[in-house]
Amino acid sequence: MWRRTRLGSEADRATYRTLHQASLAAPALRAGLGRTSAERAAKHLRTLLGTPALVLTDAVEVLAWDGAGGHHAEQAMALATEALRDGATRVVARAELPCAASGCPVRAGAVVPLVVDERLVGTLQAYAPTPTAGRARAAEEVAGWVSGQLDLAELDASRTRLMAAEVRALRAQISPHFVYNSLGAIASFVRTDPDRARELLLEFADFTRYSFRRHGEFTTLAEELRSVERYLLLEQARFGDRLRVTLSIAPEVLPVAVPFLCLQPLVENAVRHGLESAEGGGHIRIVARDRGPDCLIEVEDDGVGEDPDRVRRALAGEAAHRSEGEDDAEGHRSVGLGNVDGRLRAVYGDDYGLVVETAPGAGTKVIVTVPKFAPGVHA
């Protein structure tokens, strides 16, 4: 029978201590290599290596010195420059660290380059009273792990930049045609129904304020749907009874975090390309419901439908290559679908892209599935 001891063996305890210190250093390193992140991570990395002093540098300066011997900073930066120039670990002997301070433990060490995306970005330096091959090897292993964390930070930053660029692209796609027509519809009520004109103007202001806000990659489904409602109110002011809207929203999914501006482009597509050219207008149905670990959202119209192959090309990122006769509006629709699909896949993985059901004359249904909880996704 297996018997559990309170703390386990010494090897178990050593493994736990190592993993614990790594877990404490990781969040700071995932912010990238900067002074604040280096200072937060250095003490845990020094504990991990068990050295009297640990140093993190970039290519220009010492970012953090944890432990004794801080008066060696200038020498450490010179050693970092040499290691980065050679692209290899430097084992440092006493002769390279002259010091008049009595009892200073910084007498030998290892200087290991940090590599991010095949670029030398800085160094990890571990110092002790005497040089040992084991300490140099351990410093290389820890530097390799630090480089991996910085690589992940770079990926996170790249994803953030990409999503920001895609949101900017969506903002640029907010149709001047829509803005012009909305203001025209509002103006038409100024004399005949000034109260409604005022309400519509406030809705227009709130819609544009939300669409052009500058903070956050994510929002709640409730906020996204409120913006969609404002958009549809403005379009109904223009289309009147030709545009009919049904919303069926489960209250329990309203707090779910979703990518900012992930629904408005789909609803705009339904209005502009599904109903605007349909004789007699049409009906848009928006449904959001709980489906176990996921939230399922559908945007459906009974308009003119679409060529499935054109939709496939848009979702595959081929929207830039228009077929002959494809107009600017169709290109705009492709940008919207491809943009939203790409952002969903970047955040949640390929299992969470758009699903589009359509055919000429049969309307269009766009299905969005997002997990109710996902790492790193917060409204």
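How many aromatic pairs does the count come to?

## Aromatic pairs

The count comes to four aromatic pairs, where rings of Phe, Tyr and Trp (its six-membered ring) pair if their centres lie within 6.5 Å, with planes under 30 degrees apart called stacked, over 60 edge-to-face and the rest tilted. One of them is tilted because the rings of Phe207 and Tyr231 have planes at 40°, with centres 6.0 Å apart. Phe207 lies in helix H6 (residues 194–211) and Tyr231 in helix H7 (residues 221–239), 24 residues apart. Helices (H or I, at least four residues) and strands (E, at least two) are DSSP runs, numbered from the N terminus. Phe207 and Tyr231 are both buried, that is, under 20% relative accessible area, with exposed over 50% and partly exposed in between (1.4 Å probe, protein chains only).

## Basis of the model

This is a predicted model, in which local features need pLDDT of at least 70 and side-chain atom pairs count only at pLDDT 80 or more, while totals for chains, interfaces and linings use all residues. Residues are numbered from 1 along each chain as its sequence is written, and side-chain values use heavy atoms, leaving out hydrogens and water.

## Salt bridges

The whole structure holds 21 salt bridges (a side-chain nitrogen of Lys or Arg within 4 Å of a carboxyl oxygen of Asp or Glu). Among them, Arg230 pairs with Glu203, with the closest N and O atoms 3.6 Å apart. Arg230 is in helix H7 and Glu203 in helix H6, and both residues are buried.

Glu298 and Arg285 also form a salt bridge (3.3 Å, N to O). This pair links strand S10, which holds Glu298, to strand S9 (residues 282–291), which holds Arg285. Glu298 is buried at 7% relative accessibility, whereas Arg285 is partly exposed at 27%.
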